[in-house]
Amino acid sequence: MATISVEGKDLEVDEEGYLVNLDEWFPAVASAMAVIDEVEMEDDHWDIINFLREYYEEYQIAPAVRVLTKAVAKKLGKEKGNSKYLYQLFPYGPGKQACKFAGLPKPTGCV
Amino acid sequence: MAKLHIVNKSPFERNSLKSCLGKSKEGSTILLIEDAVVGALKGTVVADDLSSAIANKNVCVLGSDLNTRGFTEAEILDGIKIVDYAGFVDLVAEHSNVQSWL
Amino acid sequence: MSEGIKKFMFMNTKAPYGTVYALESLEVVLISAAFDQDVSLAFCDDGVFQITDNQKTDGSGMKNFSAAYKALGDYDINKIYVEKESLEERGLTMDNLMKLTYEDEDDDWAEKTSMYLVTRAELADLIDEQDVTISS
């Protein structure tokens, strides 16, 4: 099993880099994954990651991109709630990549 | 020594509870687990059968499986005992043998 | 209704947790929402137990997936039919079930109910209207 090393802890990840044990997540995990994916983390990224974690906490699922986009539009405004903006932040996809950074499973229906 | 009968299928979908109730002796214990726990609810189409069984058999339900499905002690028939996992083990130890009804 | 959109109904007839049908069906429903079809859900027979309120799985160690039904509104699935006779046979009423809602985009995000109590005969009519019915 592959691992990712964060602040001296070796955390298990699956073959696509998603955390195996979701409760092992802490913010530095997102930062470490971002370094691997060459994404520079800024406040806008954290807004989305925090949103995803809250969504998962409430519904126990990682939202589909369409759902994420709509919800972000409602919460953070229309200029952020569109897929162009979200793809700028997370070039490998707001569903796949942001969920990975947030320590969530891959969104249901994402292939 | 009496027998412990374990039922794990919903009585609304299978006949295993009915079958068990009809073929278990007075003084035996019937334990409802997994999908069978909803058979213990008040006001269902099997409540009369269960009430008759309670009169002369020891009917129990696994509490954690009941909670998993959104129900608590308040919603089950009077006379049905709630047991936890330790209670489950005790029941197995106290009875001469165990029959699982599938 | 525009071209290419079909009426899909997912019929949920099995109790959750004891078998994997309910969880698998929910996943298929969430995936199907990506295809912009006209999706509805029906809960009948033991399927009504899938949406009971206050499910607590700490004791059994099962994954509690009941919260995900509350996300259906976000997926634009807002026609959820519950069969009256199935509730009655199980000693249940709508009060035992979660309150599933959606926010109406066209009405200033007003929260509205997604749930409809229907009789067995009414459910038969609804099934008859569907292009595709998937039962589990």
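Trainee: Which residues does B:Leu32 touch, not counting residues up to four places away in sequence?
Mentor: B:Leu32 touches B:Val7, B:Leu17, B:Val37, B:Gly39, B:Ala40, B:Cys60, B:Val61 and B:Leu62. Contact means heavy atoms within 4.5 Å. This is a predicted model, where local features need pLDDT of at least 70, side-chain atom pairs count only at pLDDT 80 or more, and totals for chains, interfaces and linings use all residues. Residues are numbered from 1 along each chain as its sequence is written, chains are lettered from A and ligands numbered from 1 in the order in which they are written, and side-chain values use heavy atoms, with hydrogens and water left out.

Trainee: OK. Where does B:Leu32 lie?
Mentor: In strand S2 of chain B, residues 29–32. Helices (H or I, at least four residues) and strands (E, at least two) are DSSP runs, numbered from the N terminus.

Trainee: Is B:Leu32 buried or exposed?
Mentor: Buried, at 0% relative accessibility. Buried means under 20% relative accessible area, exposed means over 50%, and partly exposed is in between (1.4 Å probe, protein chains only).

Trainee: And B:Val59, what does that touch?
Mentor: Leaving out residues up to four places away in sequence, B:Val59 touches B:Ile30, B:Leu50, B:Ala53, B:Ile54, B:Gly79, B:Ile80 and B:Lys81. B:Val59 lies in strand S3 of chain B, residues 58–62. B:Val59 is buried, with a relative accessible area of 1%.

Trainee: How far apart are the C-alpha atoms of B:Val59 and B:Gly27?
Mentor: They are separated by 9.9 Å. Along the chain, B:Val59 and B:Gly27 are 32 residues apart.

Trainee: Switching to whole chains. Which pair has the most contacts?
Mentor: Chains B and C, among the two pairs of chains that touch. Chains A and B do not touch, and their nearest C-alpha atoms are 16 Å apart.

Trainee: Now salt bridges. How many are there over all chains?
Mentor: A search of the whole structure finds 20. A salt bridge is a side-chain nitrogen of Lys or Arg within 4 Å of a carboxyl oxygen of Asp or Glu. Side chains of opposite charge can pair when their charged atoms come close.

Trainee: Which residue pairs with C:Arg90?
Mentor: C:Asp46 does, with the closest N and O atoms 2.8 Å apart. C:Arg90 lies in the loop between helix H2 (84–89) and strand S4 (101–104) of chain C, and C:Asp46 in the loop between S2 and strand S3 (80–83) of chain C, so the pair ties together parts that are 44 residues apart in sequence.

Trainee: Buried or exposed, those two?
Mentor: C:Arg90 counts as buried at 2% relative accessibility. C:Asp46 also counts as buried, at 2%.

Trainee: What about C:Glu88, which residue does it bridge to?
Mentor: C:Lys84, and the closest N and O atoms are 3.0 Å apart. Both C:Glu88 and C:Lys84 lie in helix H2 of chain C, four residues apart, about one turn of the helix. C:Glu88 counts as partly exposed at 44% relative accessibility, and C:Lys84 counts as partly exposed at 35%.

Trainee: Where does C:Asp104 come in? What is its partner?
Mentor: C:Asp104 forms a salt bridge with C:Lys112, with the closest N and O atoms 2.8 Å apart. C:Asp104 counts as buried at 15% relative accessibility, while C:Lys112 is partly exposed at 28%. Separately, salt bridges that share partners join C:Asp46, C:Glu83, C:Glu89, C:Arg90 and C:Arg120 into one network.
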